[in-house]
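Here's a quick walk through one protein model, written for someone who likes the cut-offs spelled out. Keep the viewer open while you read.

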Amino acid sequence: MDKIYIFDTTLRDAEQVPGCQLNTIEKIEVARQLERLGVDIIEAGFPASSPGDFNSVVEISKAISNPTICALTRAVQKDIDVAAEALKFAQRGRIHTGIGTSPYHIFEKLNSTPEEIIERAVAAVKYAKRYVEDVEFYAEDAGRTDEEYLARVVEAVINAGATVVNIPDTTGYCLPSEFGAKIAYLTNNVPNIDKAIISTHCHNDLGMATANTIAGIMNGARQVEVTINGLGERAGNTSLEEVVMTVACHKNLDYQLDINTREILKTSKLVSGLMRMPVQANKAIVGRNAFAHSSGIHQDGVLKSRETYEIIDPADVGVDESSIILTARSGRAALKHHLKELGYNTTDEELTKIYQRFLEVADKKKDITTADLELLVDSEAARHRSSIKLVDLQVVCGTTSMPTATVKLDIGGDEFVESAVGNGPVDAAINAIKSITKRRVRVEEFLIQAMTNGSDDLGKVHVQISHKGKMYHGFGASTDIVTASVESFLDALSKIS
Ligand code: KIV
Ligand code: ZN
């Protein structure tokens with residue numbers, strides 16, 4: 001089985017994006033996580049670009065033992081000297097040097113000629129070889145470089161000692177078929193290609209970086225340059241997690257990868273947090289919704305057999321939360337599944353009641369959390385044991401009207417209605433209940449709490465009342481705190497008899 005080398009350039013190509021800069025300590029943290037993830041090569045920076053980059057490459061080289069540490073340079077002797085110096089503590093160091101090879105780069109950016117570019121490329125590789133054995137050459141803008149000329153450049157740098165030849169689609173221009181054909185051309189037409197590894201380095205300007213990288217692999221590339229979360233210049237680089245999971249999912253792509261996929265989500269979160277670049281919710285593999293099934297039909301399918309709507313087991317990329325998201329569109333099966341995970345084994349009748357209440361809450365609240373579910377079960381149990389049931393509640397309150405409540409109760413099968421005023425809607429509702437039940441009770445303690453956060457949250461109410469010297473406790477929960485208060489009061493009242 002051929003091995004695909006994973007070359008991570010989060011700390012170089014992504015880190016140069018405005019706003020994504022990291023300090024040395026943060027870079028070491030990311031590098032250590034990349035090592036746990038199992039990447040083969042870490043591109044740690046461009047040492048000649050700044051003293052900070054130089055220092056980071058030095059410190060990462062000291063901190064990391066397994067992956068090769070790579071430093072970027074232009075095809076310039078001074079850059080190569082600085083990179084070699086920065087890599088002196090690396091257990092395995094690589095210099096990544098290169099130059100532009102497309103007509104845009106040769107004639108416009110570098111004001112040069114194709115032959116001179118080959119000479120400069122060869123000279124840079126030979127110079128880097130004086131310092132390290134492992135020298136990678138990049139042909140910048142190879143995506144827009146003519147194949148025959150690119151093949152000549154590649155042959156020349158391999159003769160000069162390059163161990164890896166990087167074929168970047170710097171501008172993210174290529175179609176997957178074109179990029180694949182370019183790699184195939186080099187594989188088949190460069191006479192000494194067996195002496196080096198071909199690498200891909202794709203940018204995502206047209207959203208094709210992953211597709212191009214996979215096309216590269218299928219046509220002979222054995223190293224892929226990628227970043228966590230696809231961060232990088234402009235629209236970004238190829239994302240590591242997408243390439244790794246594509247190869248892992250497609251058994252016909254029979255390649256060896258040494259990535260510990262269970263570390264993917266953790267790495268994504270670390271990089272997103274430190275680089276202050278939120279991951280879009282629908283981002284493949286690591287987005288918040290990447291494994292979230294919210295439609296009832298999909299949830300039902302996944303509960304019957306995960307593979308109906310999932311090509312990846314979320315646990316394989318380190319996602320341990322349930323992929324069944326509870327929303328107003330969830331069915332009873334999804335609710336039952338969640339309750340079971342929380343340790344509640346409900347009968348069909350209990351489930352029907354809880355489901356009814358769940359739908360009421362889900363209609364009003366976007367995210368139903370575990371805490372919400374526990375509250376629903378507890379408040380349903382309180383309702384169940386209460387011999388006095390709330391049938392209807394209407395309140396009028398605000399800044400201009402006197403708080404008034406109308407309460408309809410079911411007591412032993414008979415219905416009673418009363419209205420009352422109070423100093424607020426809760427007080428008015430409790431006065432109405434007192435006048436129906438004629439109980440002489442005193443509210444001793446009354447506690448309303450929001451469960452989690454957000455103004456759409458479930459409120460839970462604990463009440464303590466006294467009657468003839470004895471204390472009774474009640475509990476209620478609802479997105480409507482007046483309803484929750486009334487339910488907790490009725491729960492306590494019903495315990496008196
Ligand atoms: O996109 C690119 O061409 C690069 C090279 C410096 C490798 O990042
Ligand atoms: Zn790049």
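What follows goes from the whole chain down to single residues.

## Ground rules

This is a predicted model, so local features need pLDDT of at least 70 and side-chain atom pairs count only at pLDDT 80 or more, while totals for chains, interfaces and linings use all residues. Residues are numbered from 1 along each chain as its sequence is written, chains are lettered from A and ligands numbered from 1 in the order in which they are written, and side-chain values use heavy atoms, with hydrogens and water left out.

## The chain as a whole

The chain has 17 helices and 16 strands. Those are DSSP runs numbered from the N terminus, with helices being H or I of at least four residues and strands E of at least two. How spread out is the chain? Its radius of gyration is 32 Å, well over the 23 Å from the globule rule for 497 residues, so the chain is more spread out than a compact globule. (The radius is taken over C-alpha atoms, and the rule is 2.2 Å times the number of residues to the power 0.38.) Along its principal axes, the C-alpha trace spans about 100 × 45 × 40 Å.

Of the 497 residues, 52% are buried; that means under 20% relative accessible area, with exposed being over 50% and partly exposed in between (1.4 Å probe, protein chains only). Take the contacts (heavy atoms within 4.5 Å) between residues at least 6 apart in sequence: 65% of them join residues at least 24 apart.

## The zinc site

Which residues hold the zinc ion (ligand 2)? Its protein donors are Asp 13 (OD), His 201 (NE2) and His 203 (NE2), lying 2.1 Å from the ion. Donors here are N, O and S atoms within 2.8 Å of the metal (3.2 Å for Na, K and Ca), and water is not among the atoms, so sites may look incomplete.

The donor spacing in sequence reads D-x187-H-x1-H. Asp 13 sits in helix H1 (residues 10-14) and His 201 in strand S8, so this pair ties together parts 188 residues apart in sequence. Both Asp 13 and His 201 are buried.

## Helix H9

Helix H9 (residues 209-218) is mostly covered, with 8 of its 10 residues buried. Among those buried residues are Asn 212, Ile 214 and Ile 217. What do they pack against? The buried residues of H9 meet strands S7 (164-169), S8 (197-202), S9 (223-226) and S10 (255-256), plus helices H8 (176-189) and H10 (240-249). After H9 comes Gly 220, with a positive phi near 125°.

## Rings and charges

There are 2 aromatic pairs in the structure. Rings of Phe, Tyr and Trp (its six-membered ring) pair if their centres lie within 6.5 Å; planes under 30 degrees apart count as stacked, over 60 as edge-to-face and the rest as tilted. Tyr 127 and Tyr 131 have ring centres 6.0 Å apart and planes at 85°, so they are edge-to-face. Tyr 127 is buried at 11% relative accessibility, whereas Tyr 131 is partly exposed at 41%. Tyr 355 and Phe 358 have centres 5.9 Å apart and planes at 25°, so that pair is stacked. Both lie in helix H14 (residues 348-364), 3 residues apart, about one turn of the helix, and both are buried.

Two lysines also deserve a look. The charged end of Lys 3 sits over the ring of Tyr 5, 5.0 Å from its centre, and Lys 62 lies over the face of Phe 89, 4.9 Å from the ring centre. The test is NZ of Lys or CZ of Arg within 6 Å of the ring centre and within 35 degrees of the ring normal.

## Positive phi in two loops

Most residues other than glycine have a negative phi. Asn 229 is not a glycine, yet its phi is positive at about 65°. Asn 229 is in the loop between S9 and H10 and is buried at 10% relative accessibility. Lys 438 likewise has a positive phi, about 55°. Lys 438 lies in the loop between helix H16 (425-437) and strand S14 (442-450) and is exposed at 65%.
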